Amino acid sequence: MSDLILFWHRRDLRISDNTGLAAARSHSSKVVGVFCLDPNILERDDIAPARVTYMIGCLQALQQRYAEVGSQLLILHANPVQAIPRLAAALKAKAVFWNWDVEPYSQERDRTIIDALKEKGIQFLDQNWDQILHFPDEIRSGANQPYTVYTPFWKNWISKPKANPVETGLIASLQNLTKAEEEIAKENGAIALPTAKDLGFIWDRDLVIAPGEAPALEKLEEFTNSAINEYKEQRNFPAINGTSQLSAALKFGAIGIRTVWIATLETLENSRSEETESNIRTWQQEIAWREFYQHAMYNFPELAEGAFREALKNFPWQNNEEYFQAWCEGKTGYPIVDAAMRQMNELGWMHNRCRMIVASFLTKDLLINPQLGEKYFMQKLIDGDLSANNGGWQWSASSGMDPKPLRIFNPASQAQKFDPEGEYIREWVSELRSMDAEYLVTGKIPPLEREAVGYPQPIVDHNQQQRHFKGLYQQQKENILDISRI
Ligand SMILES: Cc1cc2nc3c(=O)[nH]c(=O)nc-3n(C[C@H](O)[C@H](O)[C@H](O)COP(=O)(O)OP(=O)(O)OC[C@H]3O[C@@H](n4cnc5c(N)ncnc54)[C@H](O)[C@@H]3O)c2cc1C
């Protein structure tokens with residue numbers, strides 16, 4: 001057995017502020033990173049080219065960082081269940097370390113790997129929670145139950161002291177593999193990092209955030225120096241660049257969550273008014289939403305399979321294929337919905353307000369199963385993340401943990417309120433660019449004018465569909481009551 005520890009990166013594509021990597025370094029100076037391109041994930045049908053492109057870019061940056069500190073990041077492209085124990089055994093590593101992940105697939109995979117490592121007599125350390133500020137067991141109700149409602153979760157979560165960024169002084173120098181060990185690594189699956197294109201994912205546009213730790217830190221600094229101070233109001237307007245766009249960096253751990261948190265505390269300390277404080281707090285609440293959904297996925301993995309609330313289980317969704325296609329392509333005839341879908345199709349990112357609008361529209365107006373929308377989002381989003389995406393969809397479909405039973409967004413009121421001049425609509429729906437704002441935000445564009453510019457007629461009537469949805473929902477609730485009486 002050598003002194004080597006393999007550090008298996010998954011959603012922590014950075015060196016600094018990495019809890020598991022720091023733990024590995026405290027056990028040995030010979031730490032080598034490994035990332036496994038997992039065909040079980042890459043060959044699924046909900047993988048976005050923008051996301052893979054971003055991930056590969058982060059891996060490239062991470063390889064560079066490893067080289068700077070004297071070690072390296074090995075790349076595998078195989079099922080990690082076999083590939084990780086095999087590589088560790090071949091290199092006679094004394095241990096494999098990694099950071100914990102809440103997703104059901106990861107948990108099952110990790111359990112199998114733990115068994116394989118044990119069998120080979122290789123130690124492991126998997127108990128680092130790196131992605132989130134508090135691990136799920138820390139945030140429980142008075143009755144020691146996981147929270148299913150955000151507000152009490154937030155109160156408990158914010159009251160707890162939070163860890164500082166991890167000291168990474170030691171990681172400034174690591175020992176690398178010997179030449180002979182490098183050969184062994186190659187014989188046991190280590191390959192050169194492929195491009196996203198090599199993996200079958202083509203993305204030609206700029207990404208909303210450049211990959212790697214340095215651009216993420218820059219975004220954080222830029223955001224906490226300016227937009228955070230007006231976040232509460234500005235975050236709702238999709239035409240304004242009022243949010244951080246850090247979601248992909250947080251998903252892949254290109255930036256450490258403790259680093260993000262301390263930046264908010266420093267900004268709070270420097271704030272000069274209650275109003276600024278309240279803006280910063282609002283952003284902190286979004287960070288807590290992210291954790292709320294990760295805790296929810298950990299505590300209730302069945303969320304990944306469908307509706308949480310009884311009334312939305314077995315809901316008679318109509319799943320009209322033409323409607324679904326129109327929604328995906330941004331051709332519903334509802335300008336704000338179409339602008340948002342086109343933004344996502346083109347950028348691989350969509351503004352949060354618009355994610356809520358289009359999700360409500362798919363479920364409450366088109367009566368389409370939210371799981372179809374959830375999957376389409378995963379096929380497109382650079383930040384597509386099971387917990388956050390599922391949480392957002394369940395919230396919008398009224399099928400999740402949210403105590404407010406029926407939230408229906410009216411696309412016109414949303415546009416009037418949050419895109420009053422129609423700027424966002426004009427940016428993304430080019431055929432409507434020269435129309436009056438009034439038309440754009442109310443959606444009341446005369447049929448002939450729609451025809452003239454090649455913009456579709458509304459595929460459904462919002463008011464009628466809303467009544468229809470409410471009727472079906474009521475019926476479902478009554479059915480549940482009937483069943484419970486049996
Ligand atoms: C239907 C729907 C689907 C969504 N799918 C995803 C997804 O796949 N991945 C994803 O990261 N977010 C998702 N969100 C949440 C949110 O829309 C994005 O996190 C946000 O728009 C990303 O932009 P930002 O980084 O500028 O956010 P900011 O406003 O700057 O927020 C900071 C960070 O907080 C987190 N965050 C913010 N809002 C939420 C939220 N409502 N739920 C969970 N975390 C949040 C994100 O990590 C975000 O980067 C979804 C929301 C909805 C309504």
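Mentor: Let's start with Asp385: one of its backbone N or O atoms lies 3.0 Å from an oxygen atom of the ligand. Keep in mind that this is a predicted model. Leu246 also takes part through its backbone, with an N or O atom 3.0 Å from a ligand oxygen. Tyr231 uses its side chain instead, placing an N or O atom 2.5 Å from an oxygen of the ligand. As for cover, on its own the ligand has 810 Å² of accessible area, and the protein covers 96% of that. The space the ligand takes up is the largest pocket.

Now step back to the whole shell. The ligand is surrounded by 27 residues, with Tyr231, Thr243, Ser244, Gln245 and Asn352 the closest. By type, the shell has 14 nonpolar, 8 polar and 5 charged residues. H12 has the largest share, with 5 residues.

You'll find it in the loop between helix H9 (231–234) and H10, and its phi is positive, about 55°, even though it isn't a glycine. Most residues other than glycine have a negative phi. Gln245 is also buried, at 14% relative accessible area, because the cut-off for buried is under 20%.

Technical notes
Residues numbered from 1 in each chain as written. Predicted model: local features only at pLDDT ≥ 70, side-chain atom pairs only at ≥ 80, totals over all residues. Heavy atoms only, no water. Near = heavy atom within 4 Å. Polar contact = N/O pair within 3.5 Å; in protein donor to acceptor, adjacent residues only side chain to side chain. Areas by Shrake-Rupley, 256 points an atom, 1.4 Å probe, with all protein chains shown as cover. 1 Å grid on protein atoms, 1.4 Å probe; cavity = no way out; pocket = protein on both sides within 12 Å on 5 of 7 lines; lining within 4 Å. Sits in = over half its atoms within 2 Å of the grid points. Helix = DSSP H or I, 4+ residues; strand = E, 2+ residues; numbered from the N terminus. Nonpolar A, V, L, I, M, F, W, Y, C, P; charged D, E, K, R; others polar. Buried < 20%, exposed > 50% of the residue type's maximum accessible area, 1.4 Å probe, protein only.
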